[in-house]
Amino acid sequence: MPLDLPVVDYRPRDPISYRPAIGLIGCGGITSYHLGAYRAAGYRIVALFDVSTEAAEKSRAAYYPEAAVYSVADELLSREDIEVVDIATHPAQRSELIEKARQAGIPLRGLNEYRAQAPCPQALVLGFAGLQDERLEGAVRALRKIWEV
């Protein structure tokens, strides 16, 4: 016998009017998914960095022609308009970049990587954006909705 379950809107919701300037650090293969999703959602990527300027230029041409391209990550992180940074590098480089973003006061797009590398539990309470694991957001929302029913 089929179950009569309620329809639950479990997908994460975007803020209605907040569209922060986002910087992307790392423009390797996986970031085509990041950039495609950002573009589909109407997010503003304003700056791109990769150790291969050619990779950053290619990402800019394919997704965000107006974005600035940087060959030095510190230049991207020093921009006053960057409100969120997505660090999509290999793990070996990520820890240093996360620390630089934290020192610059720029929220990160999620803390999966930072949680694994945090020097102490207090380091997790730093005011980063995306304090939830994005992969769990849908499940958490679904459970909340079911409990409300």
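Start by selecting Gly 23: Gly 23 stands opposite Ala 47 in β2, and its bridge partner in β4 is Val 85. What you have open is a predicted model, in which local features need pLDDT of at least 70 and side-chain atom pairs count only at pLDDT 80 or more, while totals for chains, interfaces and linings use all residues. Residues are numbered from 1 along each chain as its sequence is written, and side-chain values use heavy atoms, with hydrogens and water left out.

Now color the strands. Strands (E, at least two residues) and helices (H or I, at least four) are DSSP runs, numbered from the N terminus. Strand β1 (residues 21-25) is joined by 5 bridges to strand β2 (residues 44-49), and the two run parallel. Another 4 bridges join β1 to β4, again parallel. Two strands pair if DSSP finds at least two bridges between them.

Zoom out to see an open sheet of 4 strands in the order β3-β2-β1-β4, with parallel pairing. At its edges are β3 (68-70) and β4 (84-87), each pairing on one side only. From one strand to the next the twist averages 25 degrees.

Stay on β4 and show side chains. Val 84 and Asp 86 point one way, Val 85 and Ile 87 the other, and all are buried (under 20% relative accessible area; exposed is over 50%, partly exposed in between, with a 1.4 Å probe and protein chains only).

Next, select helix α4 (residues 91-104), which lies across β1 and β4 and runs at about 175 degrees to β4. Angles run from 0 to 180 degrees between N-to-C directions, and axes are lines fitted to C-alpha atoms, for helices over the stretch in contact.

Move on to the helix pair. Helix α1 (residues 31-41) and helix α2 (residues 53-63) pack at about 30 degrees, with axes 11 Å apart. They are therefore roughly parallel to each other (angles under 35 degrees; over 145 is roughly antiparallel, 65 to 115 roughly perpendicular and the rest oblique). Show Ser 32, Leu 35, Gly 36 and Arg 39 of α1, which meet Ser 59, Ala 62 and Tyr 63 of α2; contact means heavy atoms within 4.5 Å.

Last stop: Ala 55, in helix α2. Is Ala 55 buried or partly exposed? Its relative accessibility is 21%, so Ala 55 counts as partly exposed. Leaving aside residues up to four places away in sequence, Ala 55 touches Cys 27 and Asp 50. Draw a C-alpha to C-alpha distance from Ala 55 to Cys 27: 5.8 Å in space, though they are 28 residues apart in sequence.
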